[in-house]
Amino acid sequence: MSDPELPDGVERREIAGETGLATRGPTVYGEPTADGWRAWDPERSKLGGMFELGLDTGLTGGETVLYLGAASGTTVSHVADFAGPTYAVEFAPRPARDLLDAAEPRNRLFPLLKDARKPETYAHVVEADLDVIVQDVATRGQATVAARNARFLAADGRLVLAVKARSEDATAAPSDVFEAALDELRETYEILETQRLDRYHEDHLGVVATPR
Amino acid sequence: MTDTDADAGWFAGHAADEAAGSDETAARDRIATGEADRPRDWPALAVESGFAESTDEYYDRLHDATVAATRASVRERERADDQQLIHAVRAMDDCERTANELAERAAEWAGSLFDDAEPGIDGARAVAAREPETELERRAVSLAECVADLAAERDALAETIDRIAPAVAPNLAEMAGPELAARLIALTGGLESLAKKPSGTVQVLGAEDALFAHLSGRAPSPKHGIIYTHDYVRNTRPEDRGSAARALAGKLTLAARVDHYAGERRETLHEELRERMATIRGRAQNETGGDADDTTEGDA
């Protein structure tokens, strides 16, 4: 697969006999490394999956980023490797403990134990006019979370979102759930591109959008 | 204008803190508990207000402060323990029971002194707001004040339970709601012992009288205990309540085990329960169209 749209700092490299995405930084979760590059497993990361599937995320490297749903820091550690200042929001204490280990050696990765549904609780820390919001939260109301956090984005900023169908309604057909989520998103955002991530993440939809 | 802008940031008031020698702790607290209605260009404002020499220095300080603040919050949230939750839920029940009992006494007394005394907690609150004129009125009003205070304490305890139950048992609290989660933990004496109970026990926790009546051959087996208060049981039609209670108890047991042994949120558990409940409640709709009942009855 060709990779015309990979941001600076993300490369396709051969590590441990396999060619795949990689970024440069301290290891976080026991991923294989070579020459200072860490393999970025698209099976474990929705953003990694989006890059592999060729979504045009508009990321070029060096952006200021707000990452919602950072969990243990698997994906956000790669983001911080190629982006600029990166704010990582996670609500659960246990994974946040691991996130701290990823943030400690990365001096532009800022961990925050906050609820992504309540942006006012971190608006005194996270700066305005961000280039990118990456969102991967597994709760109901994922479109609402994206809408509430739009206040952080610059007018030409990007929302890169992974919608998990089963978090919204485990019994409905994923395509119906995605349609409903996109309809709600359109009130705040203009949708640029969508793609199912099923090859790497079952019942997930990748969405790239920009504020209206 | 610029001053008020910078005042809303996490780094506000740093000069005073530095003078007091508590800069780091104060910054940590503000990151953990501060709020702002909207984000601003904090790096620029921080440099402008003299908090940092440069944007680079600002980010260095932000990194140290967020790591320290998040580490402290994580430790605090993880230390919230099940025994504290048990104290809180028992204290809440005691406050509620005592408030109701005293409210009865207060209403009876106030009824003999004032014309328009109403019964219950609300009645006691109204009496408490009165200006007493005699010594007897003073005592009756004072008693009503105690009732109002107890009721307020009960509400405050409920709020505390809402906040700490998700920290103690995230999956259980999400599935059962904070209050029911706390009660289940209190009934078994702790999260660990709840995690070790079979789901059949969890299903009838709080229905011990009915269970022992059944065991001594005097009654049918109870279908549900305290979990009856859960919407999935209470709002399922009576003939399906046994299935609903069994399914809910099964998942609650698993949730308690994940909370005790792993401590992280597990979405699949919640999904499975939602699916199972949809099937059980679907029976009510399917009834007319013949029998499409599931064959996985005993899976809970």
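Author: E190(A) has T210(A), in strand 11 of chain A, as its bridge partner. The model is predicted.

How enclosed is strand 11 of chain A? Six of its eight residues (204-211) are buried, so the rest of the structure largely encloses strand 11 of chain A.

Now widen the view to the sheet. Seven strands of chain A form an open sheet, in the order 7-6-5-8-9-11-10, with mixed pairing. Strand 7 (109-113) and strand 10 of chain A are the edges. Each has a single partner strand, so one side of each lacks a neighbour in the sheet. From one strand to the next, the twist averages 15°. In a regular strand, side chains alternate between the two faces of the sheet.

Move along the order to strands 5 and 6. Strand 5 (residues 65-68) and strand 6 (residues 86-90) of chain A run parallel, joined by four bridges. L66(A) has Y87(A) of strand 6 of chain A as its bridge partner.

Helices pack here too. Helix 2 (residues 74-82) of chain A lies across strand 5, strand 6, strand 7 and strand 8 (130-135) of chain A. Helix 2 of chain A runs at about 170° to strand 6 of chain A. Helix 3 (residues 93-103) of chain A also packs on the sheet, touching strand 6 and strand 7 of chain A. The direction of helix 3 of chain A makes about 165° with that of strand 7 of chain A.

Next, the core. The largest nonpolar core has 84 residues; Y67(A) and A88(A) touch the most other members. Leaving out residues up to four places away in sequence, Y67(A) touches V76(A), V79(A), T86(A), Y87(A), A88(A), V89(A) and V134(A). Another core lies apart from it, with 60 residues, including A144(B), I185(B), A256(B) and M277(B).

Chain A holds a further sheet. Four strands form an open, antiparallel sheet in the order 1-2-4-3 of chain A. Strand 1 (11-15) and strand 3 (33-34) of chain A are its edge strands, each pairing on one side only. Strand 1 of chain A is joined to strand 2 (residues 18-24) of chain A by five bridges, antiparallel. In that pairing, R13(A) stands opposite G20(A) of strand 2 of chain A.

Chain B is built from helices. DSSP gives chain B 16 helices and zero strands. Of its 300 residues, 39% count as buried. Take contacts in chain B between residues at least 6 apart in sequence: 55% join residues at least 24 apart.

Two helix pairs deserve a look. The axes of helix 15 (residues 238-261) and helix 16 of chain B come within 10 Å and cross at roughly 180°. Helix 15 of chain B is therefore roughly antiparallel to helix 16 of chain B. The residues that meet include A244(B), A247(B) and L248(B) of helix 15 of chain B, and L269(B), L273(B) and M277(B) of helix 16 of chain B. By class, this contact has 11 nonpolar, one polar and five charged residues.

The other pair crosses at roughly 80°: helix 8 (residues 135-168) and helix 10 (residues 178-188) of chain B, with axes that come within 8 Å. So helix 8 of chain B is roughly perpendicular to helix 10 of chain B. A158(B), I161(B), D162(B), A165(B) and P166(B) of helix 8 of chain B make the contact with P178(B), E179(B), A181(B) and A182(B) of helix 10 of chain B. Seven of these residues are nonpolar, none is polar and two are charged.

Just after helix 13 of chain B, G217(B) takes a positive phi of about 80°.

Last, the contact between the chains. Chain B gives 36 residues and chain A gives 32. On the side of chain B that touches chain A, helix 4 (42-48), helix 5 (55-79) and helix 16 (267-286) of chain B each give two or more residues. Helix 5 of chain B supplies the largest share of that side, 12 residues. That side of chain B divides into 14 nonpolar, seven polar and 15 charged residues.

Terms used
Residues numbered from 1 in each chain as written. Chains lettered and ligands numbered in written order. Predicted model: local features only at pLDDT ≥ 70, side-chain atom pairs only at ≥ 80, totals over all residues. Pairing = 2+ DSSP bridges. Buried ≥ 20, exposed ≤ 12 C-beta atoms within 10 Å, placed from the backbone. Contact = placed C-beta atoms within 7 Å. Nonpolar A, V, L, I, M, F, W, Y, C, P; charged D, E, K, R; others polar. Axes fitted to C-alpha atoms, helices over the stretch in contact; angles between N-to-C directions. Parallel < 35°, antiparallel > 145°, perpendicular 65-115°, else oblique. Core = buried A, V, L, I, M, F, W, Y, C linked by C-beta atoms within 7 Å.
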